[in-house]
Amino acid sequence: MEFITNNADSTMKLGRKLGHFLKSGDIVCITGDLGAGKTHFTKGVAEGLDIKDPITSPTFTIVNEYEGRLKLNHFDVYRVSDPDEIEAIGFDEYIFSDAVTIIEWANFIEELIPKEHIWINIKRSPEFGNDYRKIFIEYYGDRYNYIKELK
Ligand code: ADP
Ligand code: MG
């Protein structure tokens with residue numbers, strides 16, 4: 001599916017819609033250049049999970065954990081030079097848990113991502129303006145068949 005947003009709020013709103021649907025154990029991968037809007041999308045997802053704490057980028061900590069309707073593990077693996085580093089912090093225990101997991105820059109650790117996941121790519125197109133974003137959402141695996149109304 002493809003969505004177009006023209007400001008950060010609309011990207012958050014799309015994240016919020018997805019967040020409303022998410023279930024325990026779901027995995028959301030987000031890719032896109034620096035400043036694409038991955039963290040803004042994540043803020044929206046957190047709202048959809050009824051998380052009240054502000055979402056801050058875990059760039060230096062690799063993962064932040066939040067509590068809402070469900071728990072949320074928010075990874076940013078931008079600074080990870082080797083997927084082994086992520087395995088070493090117990091990645092599998094985070095993703096195979098009852099929490100929802102969101103991973104910014106998931107393309108850096110693709111080999112660690114389970115087959116069933118949601119893959120989101122956010123793309124800028126400067127020719128359409130600074131705030132224009134195209135957001136692609138793809139669902140891999142039957143477990144996400146339940147998300148049908150995100151249109
Ligand atoms: P990333 O996590 O991908 O590096 P951030 O979400 O931290 O990106 O930052 C995105 C930046 O782009 C913010 O400054 C935000 O205000 C701005 N922005 C402008 N238009 C949009 C849009 N349509 N969607 C998301 N962010 C946008
Ligand atoms: Mg970010």
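Which side chain meets that of Arg-16 in a salt bridge? In this predicted model, the partner of Arg-16 is Glu-47, with N and O 2.6 Å apart. The pair links distant parts of the chain, Arg-16 belonging to helix 1 (residues 8-21) and Glu-47 to helix 2 (residues 38-48), 31 residues apart. Both side chains are partly exposed, since the relative accessible area is 30% for Arg-16 and 32% for Glu-47.

The structure holds three salt bridges. One of them joins Arg-143 to Asp-26, again with 2.6 Å from N to O; because Arg-143 lies in the segment after strand 7 and Asp-26 in the loop between helix 1 and strand 2 (27-31), this pair ties together parts that are 117 residues apart in sequence. Arg-143 is partly exposed at 31% relative accessibility, whereas Asp-26 is buried at 0%. Another is formed by Glu-2 and Lys-134, whose closest N and O atoms are 3.5 Å apart; as Glu-2 lies in strand 1 (residues 2-5) and Lys-134 in strand 7 (residues 133-140), the pair connects parts separated by 132 residues in sequence. Lys-134 is partly exposed, with a relative accessible area of 25%.

With regard to the overall fold, the protein comprises four helices and seven strands, arranged from the N terminus in the order β-α-β-α-β-β-α-α-β-β-β. The radius of gyration is 14 Å, close to the 15 Å that the globule rule gives for 151 residues, so the protein is as compact as a globular protein of that length. Buried residues account for 50% of the 151 residues, and among contacts between residues at least 6 apart in sequence, 64% join residues at least 24 apart.

Terms used. Residues numbered from 1 in each chain as written. Chains lettered and ligands numbered in written order. Predicted model: local features only at pLDDT ≥ 70, side-chain atom pairs only at ≥ 80, totals over all residues. Heavy atoms only, no water. Helix = DSSP H or I, 4+ residues; strand = E, 2+ residues; numbered from the N terminus. Rg over C-alpha atoms; globule rule 2.2 N^0.38 Å. Buried < 20%, exposed > 50% of the residue type's maximum accessible area, 1.4 Å probe, protein only. Contact = heavy atoms within 4.5 Å. Salt bridge = Lys/Arg side-chain N within 4 Å of Asp/Glu carboxyl O.
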